[in-house]
Amino acid sequence: MSATETDAPVAATRGKGPAPAGEPVGAARSERVSALVQRHGAPAVLVVVSVVASFSFDSFATGDNIANMATSSAFLAIVALGMTFVIITGGIDLSVGSLFALGGVLAAWGSRHGTPVALLLPLVVCGTVGVVNGLLVARSRLAPFIVTLAAMLGARGLMLALTDEGADTYLIGKGSFLAELGQGSTLGLGNPVWITLALFAAGAVVLRRTRFGQHVYAVGGNEDAAALMGAPVARTKVLVYALSGVLAGLAGALNAAWLASGVTILGNGMELEAIAAVVIGGTLLTGGLGYVSGALVGVLLLKVIQNVINQIGSLDSSYQQVVSGAFLAVVVVAQTWLGRRRQLM
Amino acid sequence: MAEATLKAVPPDRTRVLQWLQAYGVYAGVALLMAVNIVVTPHFLTAENFRTQAVQVAPVIIVALGMALVIGTEGVDLSVGAVMALAASVTALYLGYGLLPALLVVAVFAAGTGLANGALVAFVGVQPIVATLALMVGGRGLALVLLPQLEDLRNPALASLGSGDVLGVPYLILIAAALALLVAFVVRRTTFGRQLLAIGDSRPAAQLAGLPVRRVLIVVYVACALLAAVAGVLATARLQASDPTSLGNLMELSAITAVVVGGTPLTGGRVNIAGTVAGAVLIQLLTATLIKHDLPPSWTQIAQAMVIVCAVYAARGRGKR
């Protein structure tokens, strides 16, 4: 997440509008400020909220609390990582919440046949659902939102069918490698946190430094232009939906390992949380512009707000939803405003 | 690309496809009816029809508003949250009598719709995100106002939920009246024409001098008000206000009904009769599977299939 990272998306948005020939210095500076706010607004808010919270509540900045927050953020963060790719292509994936639950149940079910099965099964099944999503979106040209909506229903149905309508809960045996992966910790942080960080690092490299990553931006920036340039539009789309499915399945499997069981009621509304996190982090829903690190910041921000509201204690936990919703609204308004300013220039 | 494939198929198939797009949902309803009459015992009883109709009425009412929003090339994810909000506000203000409570509900719903509409029309946020914010926040607000299920004892509310005229429950009458009203608005009024014009092409509508922003705001307010009506009716039927679960996934049911009913997601066209039929189709499908002791998981998988098939059939209609 260095300064070089900002170059590509800014260039991508510039390509959308008319070329700013000989723009005045003031406009350039103003544009830079807009870009800065869009890119660093969420991290700044995160820092401010965290600092205020650690001064207000003694228990906020303790090692335990931070480790807890990190672990509970990890699963949503993995889902949001896949969502980032999908949203940058201008799509949306509503099936991730169901795939998260399905992945968890499959991992717990598979754990009786050994860890390799427990880890591979959710990835393969959820990845397949993702590929089907991608094919329907890319080849049949159906609206992503309706395709993945159907997948959301279908995947949840499949999960319920596997668990005798949610009555069976498969357990993950203690001491297995899978359980260790979910529950163990290294250097004071839970293993899921390290896995998440590794995935985000890999995601950032893929998005910035590989041909596939550039195709993702190109498809989201202007699909027709990308196709004319020779970018494999359909293949890129199929891949991002497959990636989103695989990551949702993996997050579900890790979560099941953490909880030591495949809980069937999880993942409801998770797709919306993930979308909210991605948008808060500065990725545009119109596609073509986005950051992997933004998703991480968005997730942390949502979780810190949740934690603060829990710390206040007297406030009902439903306030968290009100705050998250209001925050999301403020962020999109700000984003749209900044985006429009940039287009005008 | 779509045109190339269209040319390749023989004209007969195109005609079949067109017929399916226009009448597929009615054919589906008829087919399910026929299958049920043969295989389901006690299907052809007044009591059964009454139950099915009462269950589907709130979905129809929400779907009507959703059809209007989708007609403007938008989508409203906050309808379920508005239903929950309506339920908790009803519970809070029922002490002052039913009518004042309904007025407060209308104010809250209109406020939500106004916020959605303003975000879409003035700020220019995509509908899916704008209404997502209200969906998260609205449900939270409903739970803040009323943290858990509360039983309601109000004779007026009870009669609204379970009363009937000549054996036809109020719920069905209200849903039918609203469907006729919305169909009239879409087909016969200037507002309806403007709505469709905006859905077809917002820039063109703007250039033609239509009051784009005002129409959009009215559409989102109308959608929220219809969702609130559905929320109040569902609360009246339950005799309890349940902001935790009322209206959960309702946005999906409503969108499904609209899409299955032949309204393209690309806007510019609204099919109200199809929307009602779409809601009935999903309800019949669910009821059929449940009556034959198939588990809910099958229902969801079947519903997913129906959505994909409907959207697949409707493909290409958007690009005339």
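Student: What percentage of the 320 residues in chain B is buried?
Tutor: Buried residues account for 48% of them. Keep in mind that this is a predicted model.

Student: How many helices and strands does chain B have?
Tutor: Chain B has 14 helices and 4 strands.

Student: And what is its radius of gyration?
Tutor: For chain B the value is 20 Å. A compact globule of 320 residues would come out near 20 Å, so the two agree.

Student: What does the C-alpha trace of chain B span along its principal axes?
Tutor: About 65 × 55 × 35 Å.

Student: Contacts next. Of those in chain B between residues at least 6 apart in sequence, what share joins residues at least 24 apart?
Tutor: That share is 78%.

Student: Now helix α5 of chain B. How far apart are its end C-alpha atoms?
Tutor: They are 36 Å apart. The helix covers residues 98–123, which is 26 residues. At 1.5 Å a residue the span should be 38 Å, so the distance agrees.

Student: What follows α5(B)?
Tutor: B:Gly124 does, and its phi is positive, near 85°.

Student: Switching to B:Leu238. Where is that?
Tutor: B:Leu238 sits in helix α11 of chain B, which runs over residues 212–238.

Student: Why is B:Leu238 classed as partly exposed?
Tutor: Because 15 other C-beta atoms lie within 10 Å. Buried takes 20 or more, and exposed means 12 or fewer.

Student: What separates the C-alpha atoms of B:Leu238 and B:Ala273?
Tutor: 28 Å, with the two residues 35 apart along the chain.

Conventions: Residues numbered from 1 in each chain as written. Chains lettered and ligands numbered in written order. Predicted model: local features only at pLDDT ≥ 70, side-chain atom pairs only at ≥ 80, totals over all residues. Helix = DSSP H or I, 4+ residues; strand = E, 2+ residues; numbered from the N terminus. Expected span 1.5 Å × (residues − 1). Rg over C-alpha atoms; globule rule 2.2 N^0.38 Å. Contact = placed C-beta atoms within 7 Å.
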